[in-house]
Amino acid sequence: MSANRTPATRFLRATGQHAVIEPDEFTEGGFVLSIGGAEQSHVNLSDPEDIFYEYLRRIGHVVDLAAPWGEPITALHLGAGALTLARYIQATRPGSAQYAVELERELLDFVLQHLPMPEGTALHTVIGDARESLATLPADLRFDVVILDIFSGPEAPAHIATTEFYQEAAARLTARGVLIVNVGDEPGLTLVRSQVAALRRAMADVSAFAEAGMFAGRYPGNVILTGTQGPWPEVWTAALTARGPHPAKVLSGVELDVLSD
């Protein structure tokens, strides 16, 4: 099923902003979701494995390593957006069971109406706050990947950016499960530093994955933090560095101390 190639608009009551979905004139099958005039997500309905935003590609590469290639997984998305990563997981790991939590009911309905998921996708949607919704999921439900994509700047939800929340999320992981956190931050990386510290208290090991220049802390951007339940696999460092986007850099172990509070 293909989406309409004309722009569509929906008013989001929770934020008082307008969401717009419009065709990407440079990508066949591509669409852009904007909220309040700011570009928020990009999807390629013709090729869901094609991820436009670099930080989402990096998250996708971490997901690739979480289980043998092509094997179905269970995934929890805290912050749905246009469901770019849910589409990627369905394309690369058919049969996966996925849950998406989104605060804006109108946004999720809008996205699913105009950018339908691939046929056969097992996606369960939950409307509500990320932390509160996590607690309402079935007690025995466990995930191979939990992806948090809520932080978009130095002002982060206080009840989310905590060790206690990460411990609650970690308790939802399978034995092989990983917790992946996208941190959008400003120069100085204040939020990144605080989240590295919080994740280190909740997980056995933590890594940071980003464009190599991000770690100098001179300009805004995204850093992908991954919490593991055992030692960070060094083979993952090599794999992520090789896969890019380039130039790519992974910090783990004592190298990550440069981002400690």
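Mentor: Start with the sheet. In this predicted model, eight strands form an open sheet in the order β7-β6-β5-β8-β9-β11-β10-β12. The pairing is mixed. Strands β7 (122-127) and β12 (248-252) are the edges, and each pairs on one side only. On average, neighbouring strands of this sheet are turned by 15 degrees against each other, direction ignored.

Now look at β9. This strand covers residues 173-185. Eleven of its 13 residues are buried, so β9 is largely enclosed by the rest of the structure. Buried here means under 20% relative accessible area.

Take the β8 side. Strand β8 (residues 143-151) pairs with β9 in the parallel sense, over six bridges. Between the two strands, the chain passes through helix α5 (residues 163-170). This β-α-β crossover is right-handed.

Take the β11 side. Here the sense is antiparallel: β9 and strand β11 (residues 221-228) share seven bridges. Leu 179 faces Gly 227 in β11 across this pairing.

Strand β10 (residues 205-211) runs antiparallel to β12, and five bridges join them. Ser 207 is opposite Ser 252 in β12.

Next, the helices on the sheet. Helix α6 packs on it and touches β8, β9, β10 and β11. The direction of α6 makes about 165 degrees with that of β9. Helix α7 (residues 234-243) lies across β9, β10, β11 and β12. It runs at about 160 degrees to β12.

Now the packing. In soluble globular proteins, nonpolar side chains tend to be buried together. In this model, the largest nonpolar core has 40 residues. Leu 76, Tyr 166, Leu 179, Val 181 and Leu 259 have the most contacts inside it. Helix α6 (residues 190-202) gives the most to this core, with six residues.

Leaving out residues up to four places away in sequence, Tyr 166 touches Leu 148, Phe 151, Ile 160, Leu 179, Val 181, Gln 195, Ala 198, Leu 199 and Ala 202. Another core, of 27 residues, lies apart from the largest one. Its members include Tyr 55, Val 63, Ile 89 and Val 250.

Helix α6 touches it, and α7 lies across it.

Key
Residues numbered from 1 in each chain as written. Predicted model: local features only at pLDDT ≥ 70, side-chain atom pairs only at ≥ 80, totals over all residues. Heavy atoms only, no water. Buried < 20%, exposed > 50% of the residue type's maximum accessible area, 1.4 Å probe, protein only. Helix = DSSP H or I, 4+ residues; strand = E, 2+ residues; numbered from the N terminus. Pairing = 2+ DSSP bridges. Right-handed = clockwise from strand over helix to strand, strands pointing away. Core = buried A, V, L, I, M, F, W, Y, C linked by side-chain atoms within 4.5 Å. Contact = heavy atoms within 4.5 Å. Axes fitted to C-alpha atoms, helices over the stretch in contact; angles between N-to-C directions.
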